[in-house]
Amino acid sequence: MTAPEPWSHPDLVHYGEPVVPAALGPTEVVALLVVALGFDGRIDPDDELTQIAWSDIADRAGWTYPEAVDAIRAHYLESDGFVTPAAVTRLIRARRALVERERAKAEQLAEVARHRELTASNLRPDRAAHRARLRRIWRTLTAKEST
């Protein structure tokens, strides 16, 4: 079985897009194990039990291939310990939560900006209408003074 080149997957990490988990195929699971093997020589991508275990957890947790590759890289960026499916799942969920918080914050900021714009536009009167109103007030005041 030939695995795709794990470092050049066409979908590598597009966070912020809606995640629709698709089951990882056997080739992608092997590719993930090859990525992990690059960091830790104890991993055997050809071991069928390892492939089945990782595939099962990937399906249950809803991994996508790009997220899983990124999580494996992130794991080895911070740790020299053996990567496990649980660690990958934890990192994927943490990243998804962060992206969701950032998206919600951006929506709130956009809503505040829209509110400020509407408020400011309501406070700024139309110049011509404003001048006409001032002229009416001025005429009313000057008319009272002349009588």
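Modeller: This is a predicted model. By the ring-centre rule, the count of aromatic pairs comes to two.

Colleague: Which class does the pair Phe-39 and Tyr-76 fall in, by the distance of the centres and the angle of the planes?

Modeller: Rings pair if their centres lie within 6.5 Å, and planes under 30 degrees apart count as stacked. The centres of Phe-39 and Tyr-76 are 4.9 Å apart. Their planes stand at 15 degrees, so the pair is stacked.

Colleague: How many residues apart in sequence are the parts that Phe-39 and Tyr-76 tie together?

Modeller: Phe-39 lies in helix 1, residues 26–39. Tyr-76 lies in helix 3, residues 65–78. The pair therefore ties together parts separated in sequence by 37 residues.

Colleague: Is Tyr-76 buried or exposed?

Modeller: Buried means under 20% relative accessible area. Tyr-76 has 14%, so the class is buried.

Colleague: What kind of pair do Trp-54 and Trp-63 form?

Modeller: Planes over 60 degrees apart count as edge-to-face. The ring centres of Trp-54 and Trp-63 are 5.9 Å apart. Their planes are at 80 degrees, so the pair is edge-to-face.

Colleague: Are Trp-54 and Trp-63 buried or exposed?

Modeller: The cut-off for buried is under 20% relative accessible area. Trp-54 and Trp-63 are both buried.

Colleague: What is the order of elements in the protein chain, from the N terminus on?

Modeller: The secondary structure comes to five helices and zero strands. Of the 147 residues, 25% count as buried. From the N terminus on, the order reads α-α-α-α-α.

Colleague: How far apart in space are Pro-66 and Glu-28, C-alpha to C-alpha?

Modeller: Pro-66 lies in helix 3. At 11% relative accessibility, Pro-66 is buried. In sequence, Pro-66 and Glu-28 are 38 residues apart. In space, C-alpha to C-alpha, the distance is 10.0 Å.

Colleague: On to charges. How many salt bridges does the count come to?

Modeller: Side chains of opposite charge can pair when their charged atoms come close. The rule asks for a side-chain nitrogen of Lys or Arg within 4 Å of a carboxyl oxygen of Asp or Glu. By this rule, the number of salt bridges is six.

Colleague: What separates Arg-60 and Asp-56 along helix 2?

Modeller: The closest N and O atoms of Arg-60 and Asp-56 are 3.0 Å apart, and the two form a salt bridge. Both residues sit in helix 2, residues 48–61. They are four residues apart there, so the separation is about one helical turn.

Colleague: Which class of accessibility does Asp-56 have?

Modeller: Exposed means over 50% relative accessible area, buried under 20%, and partly exposed in between. Arg-60 has 67% and is exposed. Asp-56 has 33%, so its class is partly exposed.

Colleague: How many residues apart are Arg-96 and Glu-67?

Modeller: Their side chains meet in a salt bridge, 2.5 Å from N to O. The pair links distant parts of the chain: Arg-96 is in helix 4, residues 85–123, and Glu-67 is in helix 3. Their separation is 29 residues.

Colleague: Where do Glu-111 and Arg-114 lie?

Modeller: Glu-111 and Arg-114 form a salt bridge, with closest N and O atoms 2.6 Å apart. Glu-111 is partly exposed at 44%, and Arg-114 is partly exposed at 46%. They are three residues apart, so about one helical turn separates them in helix 4.

Colleague: Which residues are linked with Arg-103 in a network of salt bridges?

Modeller: Arg counts as positive and Glu as negative. The network with Arg-103 includes Glu-100 and Glu-107.

Colleague: What accessible area does the nonpolar patch of Leu-134, Ile-137 and Leu-141 have?

Modeller: Patch residues need over 30% relative accessible area. Ile-137 is found in helix 5 and is partly exposed at 38%. Together, Leu-134, Ile-137 and Leu-141 have about 260 Å².

Colleague: Which residues form the positive surface patch?

Modeller: One of them, Arg-139, has its place in helix 5, residues 127–146. The patch is formed by Arg-127, Arg-131, Arg-133, Arg-135, Arg-136 and Arg-139.

Terms used: Residues are numbered from 1 along each chain as its sequence is written. This is a predicted model: local features need pLDDT of at least 70, side-chain atom pairs count only at pLDDT 80 or more; totals for chains, interfaces and linings use all residues. Side-chain values use heavy atoms; hydrogens and water are left out. Patches are made of residues with over 30% relative accessible area and no salt bridge: like charges are joined within 9 Å, nonpolar side chains (Val, Leu, Ile, Met, Phe, Trp, Tyr) within 5 Å. Accessible areas come from the Shrake-Rupley method with a 1.4 Å probe; for residues, only the protein chains shown count as cover. The place of a charge is taken as NZ of Lys, CZ of Arg, CG of Asp or CD of Glu. Helices (H or I, at least four residues) and strands (E, at least two) are DSSP runs, numbered from the N terminus. Rings of Phe, Tyr and Trp (its six-membered ring) pair if their centres lie within 6.5 Å; planes under 30 degrees apart count as stacked, over 60 as edge-to-face and the rest as tilted. Buried means under 20% relative accessible area, exposed over 50%, partly exposed in between (1.4 Å probe, protein chains only).
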